[in-house]
Amino acid sequence: MAVAMAVAGTIGWFVVVSGQPVLNVVFWRCVFGAATLLVVCASKGFLRAISLRVFVLSTLGGIAIVVNWILLFAAYSRASISIATAVYNVQPFILVCFGAIFLAERLTIAKLAWLCLAFVGLLLVVQLDEGAGRAGGSFFVGVLMAFGAAFTWAVAALIAKQLKGTPPHLIALIQMCVGTLLLAPIAGISHVPASLNTWGLLVVIGVVHTGFVYVLMYGAVHKLPTHAQGVLSFIYPIVAIAVDVVAFGHRLVFAQIIGVAAILLAVAGMHKYGGAPTLRPRTAPAHNPRPCSESPCK
């Protein structure tokens, strides 16, 4: 999980340096990611788990994931990798709200308190600094895109909650295939990258940041308790912000640093004390040695 989150935190650099339009980057990410996950799913026998219900729900989730990537990648060049990543990390709170609205999950005082802290942090993060003021409003557009990316991630997560028991690698494979088909008429073939360097960056985004990271992450969730997953997930925004500072020289002002810290603290608190929803696949229940005649079979 640590390696997966650290690698994922570097994707912003590859997206920006590739110099490709966002739709192209997402298209090739889907192509190379699907190829990688197809090998994994075929080797593990996951392809046999495909059903009409899995296909339909995964397709809907795939549409949300494609929109998620488009918005997040577009936000990098407008609001910076640091700001976009910080805003994007409010996704657990959107999922909590979805759970309360659609799944009748209880919205506790603790959850509301962490939600308020995250909101305060968000206000500090998106303050208009001098550089943003010269950007002609693109900074706020980037912030809105990052928030939209968090929203669509929560939509995909809500759909994934209906697919408990389905191998997550298979869900991701279907999502990658959906993204490829959706974006093929717009990007890809008509805008083929010209340089080998660009191809190399796109291959890394698809194979490493998608296939490799997904395999590591989904393998880890079966071995780690939820609170450990929550703690290790913070490696992603920390690495992303560090990459933004080192590679692009973007430094947050003091209030924004406090805002980022508030958001991350709120997410940590939600995972630890607020009962944040998790997408960890359920493992098979322990075997009950008692025969069914001695206890209700459910």
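Visitor: Between which helices does the loop with Ala104 lie?

Guide: The model is a predicted one, in which local features need pLDDT of at least 70, side-chain atom pairs count only at pLDDT 80 or more, and totals for chains, interfaces and linings use all residues. Residues are numbered from 1 along each chain as its sequence is written, and side-chain values use heavy atoms, with hydrogens and water left out. Helices are DSSP runs of H or I with at least four residues, strands are runs of E with at least two, and both are numbered from the N terminus. On that basis, the loop holding Ala104 lies between α6 (91-102) and α7 (109-125).

Visitor: Is Ala104 buried or exposed?

Guide: Ala104 has a positive phi of about 55° although it is not a glycine. Buried means under 20% relative accessible area and exposed over 50%, with partly exposed in between (1.4 Å probe, protein chains only). Because its relative accessibility is 71%, Ala104 counts as exposed.

Visitor: What is the relative accessible area of Ser80?

Guide: Ser80 is found in the loop between α4 and α5 (81-88). Its phi is also positive, near 85°, in a residue other than glycine. Ser80 is buried, with a relative accessible area of 11%.

Visitor: How far apart are the end C-alpha atoms of α4?

Guide: The expected span of a helix is 1.5 Å times one less than its number of residues. For the 28 residues of α4 this gives 40 Å, and the computed distance agrees: the end C-alpha atoms are 40 Å apart.

Visitor: Which residues touch the most other members of the largest nonpolar core?

Guide: A nonpolar core is a set of buried Ala, Val, Leu, Ile, Met, Phe, Trp, Tyr and Cys residues joined through side-chain atoms within 4.5 Å. The largest such core has 86 residues. Its largest share, 12 residues, comes from helix α4 (residues 52-79). The members that touch the most others are Trp69, Leu72, Phe73, Tyr76, Ile83, Val87 and Val125.

Visitor: Are α6 and α14 parallel or oblique to each other?

Guide: Axes are lines fitted to C-alpha atoms, for helices over the stretch in contact, and angles run from 0 to 180 degrees between N-to-C directions. α6 and helix α14 (residues 254-272) pack at about 45°, with their axes 9 Å apart. Angles under 35 degrees count as roughly parallel, over 145 as roughly antiparallel, 65 to 115 as roughly perpendicular and the rest as oblique. The two helices, α6 and α14, are therefore oblique.
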